[in-house]
Amino acid sequence: MREREWQIGITGTFDVENYGDMLFPIIAEAELRERLGRVRMHPFSYSAKTPPDWPYAVRSVAELPQALDALDAMLIGGGFLVRFDKLVAENYGPPSAEIHHPTGYWLTPALMAAARGIPVAWNAPGMHCNDIPLWAEPLLRLALAGSAYVSVRDEPSGEALAPYAEPGRVRVVPDSGFGLGRLIPAEESAEMQRVREVADLRKPYIVVQPVRWADDGFPAFLQQNASRFASYQLLGLPMGPVLGDSVSFFGDALPHFTWLPFWPSPLLLAEIIGNAAAVIGYSYHLVITALAAGVPAFASFDQSVGKFTALSRFETLYRLASINEAAPDVFFSRLGRTEPAPSVRATLPPLARHWDEIAKTVEGGRGVPHPAFASFWQSLPNLLENPSR
């Protein structure tokens with residue numbers, strides 16, 4: 001008997017050049033294939049994308065109403081997805097004025113799927129520093145009630161969503177990027193060897209994300225310790241071209257860097273990060289990938305704020321601003337790939353349980369819509385007539 005192929009939708013911003021966002025369908029497919037066998041992921045975003053111009057096929061959310069009946073389940077996220085602000089990225093918007101921005105790529109897909117009895121699982125998205133408007137509260141309650149499994153990636157997101165769900169429904173789990181270590185080849189791939197040739201990487205290298213330099217002291221530190229950096233190569237590697245990453249931000253330090261004439265695919269980016277001696281930057285998933293691979297990370301973000309609080313407990317993640325507070329010996333002693341730290345390894349059991357729950361949700365199959373939908377239709381005229389109720 002032929003093994004069935006599960007058809008699983010996943011919604012998010014997979015149509016933009018941002019490393020972290022593009023990872024989620026890839027990770028989900030690998031994890032669910034391990035548990036379910038044959039799986040076909042159907043990523044949905046605002047814009048359709050196709051290979052070879054994109055690493056994988058992405059379908060437009062405009063297709064979703066017609067595509068739902070062919071899906072066995074719908075995943076929401078992850079990434080910084082649960083948001084209501086309009087400026088997601090420059091010139092980024094829905095394919096039609098009929099589709100609300102930005103809920104059109106996360107909230108309405110969850111509602112559409114749940115209303116058809118399709119099991120919905122929230123793949124640990126985040127909600128960082130944005131408020132829930134009054135008009136969205138009943139819709140958010142409905143989406144959470146109608147979902148079979150709800151998880152988020154950090155405590156602030158869990159605290160923000162908890163008032164709109166039954167007690168204990170919203171689980172906090174590690175970001176799925178911590179499972180990337182298994183997807184980075186033990187032996188360098190042919191693509192990684194090509195990267196070494198193209199960038200002329202002949203020494204241990206440090207990945208540096210080319211963002212606008214904050215007041216973190218790194219440019220001055222680089223200039224003051226140029227002789228010690230001579231043992232390494234600095235690879236300028238954009239994580240989010242859509243967010244403006246550019247090697248031009250290196251300014252006077254540009255001669256110290258090498259870079260690639262192309263933007264690598266997500267798994268190749270992960271492999272480049274995973275073979276580095278260290279990474280320096282702002283990207284959430286640059287840091288997570290490094291930690292998962294045993295590579296020390298120096299971050300320019302504040303680990304005490306919002307989504308970054310989820311990264312505050314890892315031993316090999318250091319504040320970039322601290323490099324001028326300690327002797328250069330301390331910085332250079334931290335360089336080099338090792339085994340992932342115990343705190344990183346501790347993320348793997350809860351992540352395995354997370355994917356087990358999602359697989360169980362998929363296998364549970366379709367059901368009838370949650371009673372909350374009937375209650376919502378009953379209350380909808382009042383909500384429209386009196387939006388402040």
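The legends below describe close-up views of a predicted model.

**View 1. An open sheet has 5 strands in the order 3-2-1-4-6.** The pairing in this sheet is parallel. Its edge strands are strand 3 (59-60) and strand 6 (120-122), and each of them pairs on one side only. Inside the sheet, strand 1 (residues 6-11) runs parallel to strand 4 (residues 73-76), and 4 bridges join the two.

**View 2. S45 lies in strand 2 (residues 39-45).** S45 has a relative accessible area of 0%. A residue counts as buried under 20%, so S45 is buried. The side chain of S45 reaches two backbone atoms: the oxygen of G12 at 2.7 Å and the nitrogen of F14 at 2.9 Å. Leaving aside residues up to four places away in sequence, S45 touches G12, T13, F14, D15, V58, R59, S60, V61 and Y92.

**View 3. Helix 1 meets helix 10 (residues 284-293).** Two packed helices are described by the angle between their axes and the distance between the axes. Here the axes come within 8 Å and cross at roughly 55°, which makes helix 1 oblique to helix 10. From helix 1, the contact uses Y19, G20, L23 and F24; from helix 10, it uses H285, L286 and T289. Sorted by type, the residues of this contact are 4 nonpolar, 3 polar and no charged.

**View 4. Helix 4 (residues 137-146) meets helix 14 (residues 371-385).** The two axes come within 11 Å and cross at roughly 175°. Helix 4 is therefore roughly antiparallel to helix 14. On the side of helix 4, the contact is made by P138, L139, L142, A145 and G146, and on the side of helix 14 by A372, F373, F376 and L383. The residues of this contact divide into 8 nonpolar, 1 polar and no charged.

**View 5. Strand 11 (residues 233-236) is covered on both faces.** On one side Q233 and L235 are buried, and on the other L234 and G236 are buried. Strand 11 also has paired strands to look for. Strand 10 (residues 205-208) pairs with strand 11 in the parallel sense over 4 bridges, and V207 stands opposite L235 of strand 11. Strand 12 (residues 257-259) also runs parallel to strand 11, joined to it by 3 bridges. In that pairing, G236 stands opposite W259 of strand 12.

**View 6. A297 belongs to strand 14 (residues 297-299).** Is A297 buried or exposed? A297 is buried, because its relative accessible area is 0%. Not counting residues up to four places away in sequence, A297 touches V279, V287, A290, T316, L317 and Y318. For a distance to check in the model, take A297 and S343, which are 46 residues apart along the chain. The C-alpha atoms of A297 and S343 are separated by 14 Å.

Conventions. Residues numbered from 1 in each chain as written. Predicted model: local features only at pLDDT ≥ 70, side-chain atom pairs only at ≥ 80, totals over all residues. Heavy atoms only, no water. Axes fitted to C-alpha atoms, helices over the stretch in contact; angles between N-to-C directions. Parallel < 35°, antiparallel > 145°, perpendicular 65-115°, else oblique. Contact = heavy atoms within 4.5 Å. Nonpolar A, V, L, I, M, F, W, Y, C, P; charged D, E, K, R; others polar. Buried < 20%, exposed > 50% of the residue type's maximum accessible area, 1.4 Å probe, protein only. Pairing = 2+ DSSP bridges. Polar contact = N/O pair within 3.5 Å; in protein donor to acceptor, adjacent residues only side chain to side chain.
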